[in-house]
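Have the sequence at hand as you read.

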Amino acid sequence: MQSPAERLASLPKAERDALIAGFEPEQIEELLYDWAGFNARPEQIEPPGDWDVWAIIAGRGFGKTRSGAEWVRTQIKNGARRIALVAETQKDLEDVMVNGESGIMSVFPPAERPKVTYKPIRMVFPNGAVALGYNGTEPGQLRGPQFDAAWVDELAKFRYGRETWDMLQFALRLGDKPRVLVTTTPLPTDIIKDIVGGKEGKVHVTRGSTYDNASNLAAPFLQKIRDRYENTRLGRQELHAEILGDLPGALWTQASLDAYRITAAPEMKRIVIAIDPAISNTETSDEHGIIVAGLDQGNRGIILEDASMSGSPNEWARRAISLYREWDADAIVIEINQGGDMVAHTLRTVDPNVKIREVRASRGKHIRAEPASAFYEQGKVVHLGRLIELEAQMVQMTNAGYQGSGSPDRVDALVWAITDLFPHMTKKITPPPFIPQPAASLGAGRRL
């Protein structure tokens, strides 16, 4: 299943050099931009047949971005005039789909490259075709425009995947047969399951793994992912592109999270920022869990944002304080069992006046997560849009413990937020009032 380019590269150097020496420079230049005949593996080439949606569901490093960019080039060559480019975020649109190493600008010969303007993305090609850019955080952008082709990248990660997809379907109304290409590593979201299940039109699904593109990936990378992720649940999803089902005893399922999801934030009467910092700050450390949550006017918990991150204590503290101000939050919630004083001190070095509330962990992670899980089942807690990384940890939390790798930092922060919003879940710590003492009673030589 290798491409001709990969087979050429695998030859002994002397044989390879002899073959290359037989080409004229113009022929070599032509081969560099010959996708279907030279550079593509068979599964990366547009399939024949009567389909509306081509879904490339494949692992990390498969070559999905290059496949998408080359497909756009083919559509323009075949007469498409207006193409929608839809990414998870504006940054992904610019840095991956348009200007990435395998993005659209890299696959066109210099004479055929488009002129690009930014914010919003508009690509005008020499033949008059136009590609316009959109992102999955603002589905309403797709109201109004119309297209005869679309490329959607990493749809499984979109915060508003279903809403963006639906708006795109209304916009695909030009030409004789509008078509859309979806390139994504899968998650068990409703829209991905619907596409793969053939519920979104005439769908052709191409499946692939990271290892299909092994000849173009760095050997240390391949060795690292094999050692760390092979035969794990995360590896099955991210390397082999399996759409995983629910774990036995899962406290949350993707279906239960989808059932109560909302797309617009209601008026809030309380908002908190909850933090679960990692103990260390190294390349292999867990992330710092940072969750924004609140109560609406009906006392329903709304998970507003997952702002978890890697970084130093100063960096996570600044991020938390920034969110505290941005959301006009009532307090930052911390857990005091492990390093609570350090967490509070770190926050107050950034903002001495920040209001901090403390909660105490009781029992193990999965035990204290169970009441929060029950609130979700009752519709008392919902998510604003899709919070991909947080939900990926949530569905791996079971009544036997966390089944993922590392620490469920995002879930821990989520539990602290819900604990504060619904205080009967666990005991809240109320610090004793500070009573100044006369200087004489402090003792000689004692430092404050």
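Two strands are said to pair if DSSP finds at least two bridges between them. Keep in mind that this is a predicted model.

With that in hand, look at strand E7 (residues 179-184). Strand E6 (residues 149-153) is joined to E7 by five bridges, and the two run parallel. Between them the chain passes through helix H8 (residues 161-171), making a right-handed β-α-β crossover from E6 to E7. E7 also pairs with strand E1 (residues 53-58), again in the parallel sense and over five bridges.

| Residue in E7 | Opposite residue |
|---|---|
| Val182 | Val152 |

Is E7 enclosed or open to the outside? Six of its six residues are buried, so E7 is largely enclosed by the rest of the structure. In a regular strand, side chains alternate between the two faces of the sheet. Both faces of E7 are covered: Arg179, Leu181 and Thr183 are buried on one side, and Val180, Val182 and Thr184 are buried on the other.

Now for the surface. Ile20 sits in helix H2 (residues 13-21) and counts as partly exposed because its relative accessibility is 34%. Together with Phe23, Ile28 and Leu32, Ile20 forms a nonpolar surface patch with about 320 Å² of accessible area.

Gly245 lies in the loop between helix H11 (233-238) and helix H12 (254-259). With a relative accessible area of 49%, Gly245 is partly exposed. From Gly245 to Lys13 the C-alpha to C-alpha distance is 46 Å, with the two 232 residues apart in sequence.

Conventions
Residues are numbered from 1 along each chain as its sequence is written. This is a predicted model: local features need pLDDT of at least 70, side-chain atom pairs count only at pLDDT 80 or more; totals for chains, interfaces and linings use all residues. Side-chain values use heavy atoms; hydrogens and water are left out. Patches are made of residues with over 30% relative accessible area and no salt bridge: like charges are joined within 9 Å, nonpolar side chains (Val, Leu, Ile, Met, Phe, Trp, Tyr) within 5 Å. Accessible areas come from the Shrake-Rupley method with a 1.4 Å probe; for residues, only the protein chains shown count as cover. A salt bridge is a side-chain nitrogen of Lys or Arg within 4 Å of a carboxyl oxygen of Asp or Glu. Helices (H or I, at least four residues) and strands (E, at least two) are DSSP runs, numbered from the N terminus. Buried means under 20% relative accessible area, exposed over 50%, partly exposed in between (1.4 Å probe, protein chains only). A crossover is right-handed if, with the strands pointing away from the viewer, the path from the first strand over the helix to the second runs clockwise.
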